[in-house]
Amino acid sequence: MSMIRNAALAPAGRQKIDWVRAHMPLLSVLEGKFLETKPFSGRKITVSVHLEAKTARLCQLLAAGGAEVHATGSNPLSTKDDVCAALAESGVNVYAWYGATEEEYESHLKAALSCGPDIIIDDGGDLLGLLHGALSHLAENVIGGCEETTTGVLRMTARAKAGRLRFPMIAVNDADTKHLFDNRFGTGQSVWDGITRTTNLLVAGKTAVIAGFGHCGRGVAEKAKAFGARVVVTEVDPIKALEAAMLGYAVMPMDEAAKEGDIFITVTGCKDVIVERHFLAMKEGAILCNAGHFDVEVDVAGLRAIAKSRIQLRENIEGFALENGKTICLLAKGRLVNLASGDGHPAEIMDMSFALQALSALYLANEGKTLAPGVYTVPKETDERVARLALASLSMTVDALTPEQSAYLCGV
């Protein structure tokens, strides 16, 4: 039985799902095949991803393949209640609502896992954590799972290295058609969409400080530069920092960048990237936001502790008056700004990412019982299949090697 806020919101949710359906051709192609073959018949799949319209299409695709789908959110502020209502109406079991407390959020995760899933699709590692903790008794039935994010991959890789991963997990985030497009183009566009629609301020001429220069940070920096901002990058990895410098960005420690930035965006997957000493060094009106998975990159608790007062300046913008007389602004409570203040990645980007998720789940359904516990990459043929489907949706094709060319490249 679903746990949602308001079933009457379903019509608005269906409208959102129908809109993205028209812009997610890869999932439509797979849906046609899954309806014919029912590859997940008899399987239970638990999904924990940002619960909005694009995720709904993934859940519907898995259901079309015969799965019993149980869905919950991976972030309380990214859940869309109308989409949850529409998804539940369509037959998916949904456990989520916008603004859930920490206790409610955990109860939703546990409810989604209570079915005893065969396969999990995770975003950040919350399902994995429960299956290795409070709900470890359910892990013995899990064939395997897929992980969507850099943060989640880091967590499950650490668990695997420690010998504490109980079933195979596919690092979907590391597939080329995921991190080269979702992380770079998707994050780059959606983060600035969230910032600009929330603040209604000009980016050109401002100094944007990007903390972290992985694929996501690179995308955010590229879009900031395109908007006309001066871009500063902070990094702990000297190779990534050098790459940023070679691309024309200023590179410096956060202690120095704190004095210069107008807009700060954390994209690291780590904690305490911006802390008290940085807050106190910032300009009047500096804007802080986070594009990493969890709300720990900006030390929000520390900011609240040193603030003389707090005021709601605008929807999703909270002002913190400091002892030094300056006020700095926090967007979306330090949670994912592209989802808490926007609609997340563009539909066409998530079409590729969720096609990867679905095909990786299909791989687990077919091969998972032969795999030992551990972290696995997406099979190359799956990665290329998604790329070819995406090219076809753009009415584009690519060349193919002749037998002679293949022999030449192999040194034959």
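Contact here means heavy atoms within 4.5 Å. This is a predicted model, in which local features need pLDDT of at least 70 and side-chain atom pairs count only at pLDDT 80 or more, while totals for chains, interfaces and linings use all residues. Residues are numbered from 1 along each chain as its sequence is written, and side-chain values use heavy atoms, with hydrogens and water left out.

**View 1. Glutamate 243 and its contacts.** Leaving aside neighbours within four places in sequence, glutamate 243 is in contact with Phe213 and Arg218. Glutamate 243 sits in helix α10 (residues 238-246); helices (H or I, at least four residues) and strands (E, at least two) are DSSP runs, numbered from the N terminus. Arginine 218 is 25 residues away in sequence, and the C-alpha to C-alpha distance is 9.8 Å. Is glutamate 243 buried, partly exposed or exposed? Glutamate 243 is partly exposed, because its relative accessible area is 31% (buried is under 20%, exposed over 50%, partly exposed in between, with a 1.4 Å probe and protein chains only).

View 2. Zoom in on isoleucine 121: beyond its neighbours within four places in sequence, its contacts include Ile45, Val47, Leu62, Cys146 and Ala361.

**View 3. A seven-stranded open sheet.** Follow the strands in the order β3-β2-β1-β4-β5-β6-β15, with parallel pairing; two strands pair if DSSP finds at least two bridges between them. At the edges are β3 (93-95) and β15 (374-376), each pairing on one side only. Neighbouring strands are turned by 20 degrees against each other on average, direction ignored (axes are lines fitted to C-alpha atoms, for helices over the stretch in contact, and angles run from 0 to 180 degrees between N-to-C directions). Helix α3 (residues 53-64) packs on the sheet and touches β1 (44-48), β2 (68-72) and β4 (119-122). Between β5 (residues 144-147) and β6 (residues 168-171) there are three bridges, and glutamate 147 has alanine 171 as its bridge partner in β6.

**View 4. An eight-stranded open sheet.** Here the order is β9-β8-β7-β10-β11-β14-β13-β12, and the pairing is mixed. The edge strands are β9 (250-251) and β12 (307-314). Six bridges join β12 to β13 (residues 317-322), and these two run antiparallel. Look for glutamine 312, which stands opposite glutamate 318 in β13.

**View 5. A pocket and a cavity.** On a 1 Å grid over the protein atoms alone, a cavity is a set of points where a 1.4 Å probe fits but cannot get out, and a pocket is an open set with protein on both sides within 12 Å along at least five of seven lines; lining residues have an atom within 4 Å of a point. The second largest pocket has 18 lining residues, and Pro76, Ala100, Glu102, Asp295 and Arg335 lie nearest its centre. Helices α5 (102-113) and α13 (300-306) each supply at least two residues of that lining. As for the largest cavity, its lining includes Thr72, Asn75, Trp97, Tyr105 and His108.
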